[in-house]
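Here is a short report on one protein model. Look at the sequence and the structure, then read on.

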Amino acid sequence: MRCNSCIFCGDNLSGERSCEHIFPKWALEYFKIGSHEITPTHRSESNGDIVSTRKHSLKNLVAGRICRKCNNGWMSDLESSAKKIVIDLAESHIKVEALTHDERVILARWVFKTVLCLNWGSNFHKNIPRSHYRHLYQFNDSLPERVMVVGQLHQNNSYPFDWLQGSIYHMTSSRKNYNDKQAEQLKEFLQKRAYKIGIQIKDLLLLVAYNPLKNFLYCIYKGIHCPLYPDSGEIGWSEPDEYLFNEKVPILMRFSVGLRLADSDTLKVK
């Protein structure tokens, strides 16, 4: 992708450049989080060392490289379609499980758009395939292959807003032929190619995940992760473990870590 082209549609940005608020103005105003001070910190997933850090308010968090046509067109339409759904969920007026199929697709596309802009505009390594940006622009009823979006409500009395980026997956396999070297190679591959990005807005938890390993399926916590996209198909389930109830760990991190991978052989065994 050329550096002077829109990250979504690919059109030339000459005279058409726009800056998209990563978290839309309506959300910043409605939830009163525009002046919320954040300190985005990128830590190495291998040793935890700080790679980079920033400090600014949410209203100043913007993504460049977006053309006016995208910003004022399909992106604006998506915000309008998702606004009421997001507010009703964040205020716990409705449950995630009560959403219709169409509402789930709208919410999934909205949070996918949001995390794409978040990754692009933040101080985190850019491990989202450019084809994912293009897919969202080209198709209004789907997400890229092997992308999953889950949501849930959690009564929140402390953080009005939070987010988390990473690529950590706990993996379960029944195979006995993964030696230490192969396991390390899988881990490195996921760190480079996979991603998980979660957002918390008041009571609403949303998580976007991408698993590039075709022989591994998503395995979600039963009764905790509610699939938004896809909302049908082959998937693994597991009972929540003690980690989910550790109140010392931020809920968004617990929600993210709980989304795991398991190979198809393991799921068949279970």
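I220 has W237 as its bridge partner in β14. The model is predicted. β14 pairs with β12, residues 216–221, in the parallel sense. The two strands share 3 bridges.

They belong to an open sheet of 4 strands. Its order is β9-β15-β12-β14, and the pairing is mixed. β9 and β14 stand at the edges. Each has a single partner strand, so one side of each lacks a neighbour in the sheet. In general, strands of a sheet pair through backbone hydrogen bonds, either parallel or antiparallel.

The table gives their residues.

| Helix | Residues | Residues in the contact include |
|---|---|---|
| α3 | 74–90 | W74, M75, L78 and I85 |
| α4 | 101–121 | I106, L107, R109 and W110 |

α3 and α4 pack at an angle of about 110°, with their axes 9 Å apart. That angle makes α3 roughly perpendicular to α4. α3 passes α4 in a left-handed crossing.

R109 of α4 meets α3, and R109 is also in contact with S142. Where is S142 found? S142 is in the loop between α5 (130–138) and β7 (147–153). Is S142 buried or exposed? S142 has a relative accessible area of 14%, so S142 is buried; the cut-off for buried is under 20%.

Leaving aside neighbours within four places in sequence, S142 is in contact with R109, H135 and Y229. With H135, the link is a polar contact between side chains, at 2.9 Å.

Methods
Residues are numbered from 1 along each chain as its sequence is written. This is a predicted model: local features need pLDDT of at least 70, side-chain atom pairs count only at pLDDT 80 or more; totals for chains, interfaces and linings use all residues. Side-chain values use heavy atoms; hydrogens and water are left out. Buried means under 20% relative accessible area, exposed over 50%, partly exposed in between (1.4 Å probe, protein chains only). A polar contact is a pair of N or O atoms within 3.5 Å; within protein, one must be able to donate a hydrogen and the other to accept it, and residues adjacent in sequence count only if both atoms are side-chain atoms. Contact means heavy atoms within 4.5 Å. Two strands pair if DSSP finds at least two bridges between them. Axes are lines fitted to C-alpha atoms, for helices over the stretch in contact, and angles run from 0 to 180 degrees between N-to-C directions. Angles under 35 degrees count as roughly parallel, over 145 as roughly antiparallel, 65 to 115 as roughly perpendicular and the rest as oblique. A crossing is left-handed if the near helix is turned anticlockwise from the far one by less than a right angle, and right-handed if clockwise.
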